[in-house]
Amino acid sequence: MTDTLTNTTAPLPADTEAAARAPRTRRRLDGGNGGTNWWLTALIAVCSLTVLIPLYFTIVTALKTPDQLGGTGFELPTSIRWENFADAYQLTNFPRALMNTALITVGAVFLTLLTNSLVAYAIARNMHKKFFKGLYFYFLAAIFVPFPIIMLPVVKETALLGIDTPVGLILLYTVYGLSFNIFIFVAYINSIPVELEEAARLDGASTWTVFWKVIFPLLSPMNATVGILTCVWAWNDFLLPLVVLSDPSAQTLPLAQFIFQGQFNTNYPVAFASYLMALAPLLIVYVIAQKWVVSGVTRGSVK
């Protein structure tokens, strides 16, 4: 019996002990220890073509003359015509249209983040009450209402109230984005521990202080998501400014670009040049702001 106990408690060999203490390598999703997932890479490459091919077609067309538009359209221009950008700049009154679009977009993003997060916080923390629960489903129901159904009443109401202006357009973007934004804000706020708010209230913080000092900083990932979606929507939208704005001097870039669409003729090189000019500011904003977007998502993942 003594020999048996002695054998069971004997120290392990050095190589066996080292192997036991060594951390186990987790199995990667790609099936290896550092290889490339070629299936996923191929899928991403194919999906990227849906963006790269139209972008290539747009750039090539913007550099051509009207005489070079024959064929498949993917041929490189035999002679580059930079005057297309100058013509688009003049025909669309680009500085004024750009300023109008930028003001509307910035106002819509700011007001959306300010108000939609507040409404979502009030609903998320009072979901146990029937009124707030009914209000939540009421907002969600608005997602399924197509805009053409309410377009005529909206046009008449904005005209009667005198808000058929860029300010009224900012308000409409804020209200129409409320349904989807509340849906994602509420889901994220529910994942934030209530104990953080209780600890702040024990220190004497009010509800407003709790939201601005505790909750709103933790909403950085959702603020980045909502801000990007609202920015792209307000910048590229055509229908809402078309039916709401009554002053021609307040037209946005999509409305200014409509000048290239004719019943019998369309100047495609100049039109595509204007599309690239309208795309450039939004692309520059994204390149500058991407580090804040990535850092916000990172903070949300380790919250």
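1. Cys231 is buried, at a relative accessible area of 16%. For that label, buried means under 20% relative accessible area, exposed over 50% and partly exposed in between (1.4 Å probe, protein chains only). Cys47, at 45%, is partly exposed. The structure has 0 disulfides, a disulfide being a pair of cysteine sulfur atoms within 2.5 Å.

2. A word on the source: this is a predicted model, where local features need pLDDT of at least 70, side-chain atom pairs count only at pLDDT 80 or more, and totals for chains, interfaces and linings use all residues. Residues are numbered from 1 along each chain as its sequence is written, and side-chain values use heavy atoms, with hydrogens and water left out.

3. Now Ala205, which sits in the loop between helix H10 (194-202) and helix H11 (207-218). Helices here are DSSP runs (H or I, at least four residues), numbered from the N terminus. Ala205 is partly exposed, with a relative accessible area of 21%. Leaving aside residues up to four places away in sequence, Ala205 touches Ala200 and Val210; contact means heavy atoms within 4.5 Å.

4. What about the second largest pocket? Its space comes to about 530 Å³, a volume being the space filled by probe spheres set on grid points joined across faces, edges and corners. A pocket is an open set of points on a 1 Å grid over the protein atoms alone, where a 1.4 Å probe fits, with protein on both sides within 12 Å along at least five of seven lines; lining residues have an atom within 4 Å of a point. Of its 18 lining residues, Ala142, Val145, Val175, Tyr176 and Ser179 are the closest to the centre. H9 gives the most to this lining, with 3 residues.

Methods: Helix = DSSP H or I, 4+ residues; strand = E, 2+ residues; numbered from the N terminus.
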